[in-house]
Amino acid sequence: MLDADYAWCAGLFEGEGCITRNHKSVTLVLHTTDEDIAQRFRRIMGGHLNGPYPGTNKPFWSWSISKREEVDRIIGAMMPYLGERRTARAIELGL
């Protein structure tokens, strides 16, 4: 992939994504009401795309990944382009 692809994904993740942790694993999640955008993100980063799900105003698609090797790869690819808050969260979770 091109650096521009990772930068694009990081920008989308900044606005629509989150990094969550339960007692066992870290999961990256992104929700969007635009199927073409969700599909593009998945093509670049891999992971799982599900939906559409009913939303408040529009249906939405949900992308996620929790396999640790893939989470590390994806965060590593996006890290140079992430803002302070998501970078701090990734570091806090040991990514």
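Trainee: How many bridges pair strand β3 with β4, and in which sense?

Mentor: Four, antiparallel, with β3 at residues 48-53. Strands are DSSP runs of E, at least two residues, and helices are runs of H or I, at least four, numbered from the N terminus. Two strands pair if DSSP finds at least two bridges between them. Bear in mind that this is a predicted model: local features need pLDDT of at least 70, side-chain atom pairs count only at pLDDT 80 or more, and totals for chains, interfaces and linings use all residues. Residues are numbered from 1 along each chain as its sequence is written, and side-chain values use heavy atoms, leaving out hydrogens and water.

Trainee: Which residue in β4 is the bridge partner of His48?

Mentor: Ser64. Six residues link β3 to β4 in a hairpin.

Trainee: What else pairs with β4?

Mentor: β2 does, antiparallel, over five bridges. There, His31 has Ser62 of β4 as its bridge partner.

Trainee: And β1, how many bridges to β2?

Mentor: Five, again antiparallel. Ile19 is partnered with Leu28 in β2. These two strands form a hairpin with four residues between them.

Trainee: Is β2 mostly covered or uncovered?

Mentor: Mostly covered: six of its seven residues are buried, meaning under 20% relative accessible area with a 1.4 Å probe, protein chains only.

Trainee: Switching to helix α3. Which residues are buried?

Mentor: Val71, Ile74, Ile75, Ala77 and Met78. They lie on the same side of α3, because they cover an arc of only 160° around the axis, taken from the directions from the helix axis to the C-beta atoms.

Trainee: What do they pack against?

Mentor: α1, β1, β2, α2, β4 and α4. Contact means heavy atoms within 4.5 Å.

Definitions and conventions
Buried < 20%, exposed > 50% of the residue type's maximum accessible area, 1.4 Å probe, protein only.
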